[in-house]
Amino acid sequence: MITTPPIVTPRLELHVVWPDEYRRLAVDRADPRLWVDRGFTNPHRHLVDDPGPLRHRIPRVAADPEAAPFYLRLAVLRADHTIVGSAGFHDRPDRRGMVEVGLGVVPSQRGQGLAQELLHGLWGWVVTQPGVEVLRYTVAVSNAPSQAMIRKLGFAWCGQQVDPVDGTEDIFELDARVYRARLGA
């Protein structure tokens, strides 16, 4: 098993969810002991009440444990070690080198710039990984805050798709080299 240190941003640490933790999440997402060994608390019940991407990530990590650093990172506030969200990629880079990010911040912590900080931390890491050429972000057409954020970051609108869970989404992409150069990764 490889080890990957957390990604550190000004307010967050982004910790990999490891294969043994996915196995425990598959059995009991609400187990309060789940993150104790790592020194985190989960007072907002992130991934407990709403499992988010776990139904997709658990089987992928079981099939490819070495890919765990791509799939899900817990966003932990550095100030008090609480989990306030998570982000990860849907998969490893595809044939064209594209990675699509997904993220969630607990409702009580939204509107503080944590989503953007989380994205920059994750993207800053992934653009250093072999085979990553394109960053993709998909967002519901009705999600005005995320729409504004991704446009501000210079991602280009590439079309739409219909997600079976989230409905119609806009697709935005940015060349990984441009991200490294323009956004200081």
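Modeller: Let's start with a word we will need: contact means heavy atoms within 4.5 Å. This is a predicted model, where local features need pLDDT of at least 70 and side-chain atom pairs count only at pLDDT 80 or more, while totals for chains, interfaces and linings use all residues. Residues are numbered from 1 along each chain as its sequence is written, and side-chain values use heavy atoms, leaving out hydrogens and water.

Biologist: Which residues is Leu12 in contact with, leaving aside neighbours within four places in sequence?

Modeller: They are Ile7, Ala75, Val76, Leu77, Arg78, Val84, Leu114, Glu117 and Leu118.

Biologist: How do I read a nonpolar core, and which residues touch the most other members in the largest one?

Modeller: A nonpolar core is a set of buried Ala, Val, Leu, Ile, Met, Phe, Trp, Tyr and Cys residues joined through side-chain atoms within 4.5 Å. Buried means under 20% relative accessible area, exposed over 50%, and partly exposed in between (1.4 Å probe, protein chains only). The largest core here has 33 residues, and Leu12, Phe89, Trp123, Val126, Leu135, Tyr137 and Phe155 touch the most other members. Helix H4 (residues 114-126) gives the most to this core, seven residues.

Biologist: Which residues of helix H2 are buried?

Modeller: Helices are DSSP runs (H or I, at least four residues), and strands are too (E, at least two), numbered from the N terminus. In H2 (residues 54-63), Leu54, Arg57 and Val61 are buried. Their arc, taken from the directions from the helix axis to the C-beta atoms, is only 65°, so they sit on the same side of H2. Arg55, Ala62 and Ala63 are exposed on the face turned away from that buried side.

Biologist: And what covers the buried residues of H2?

Modeller: The cover includes helix H1 (19-27), helix H3 (68-71) and strand S4 (83-89).
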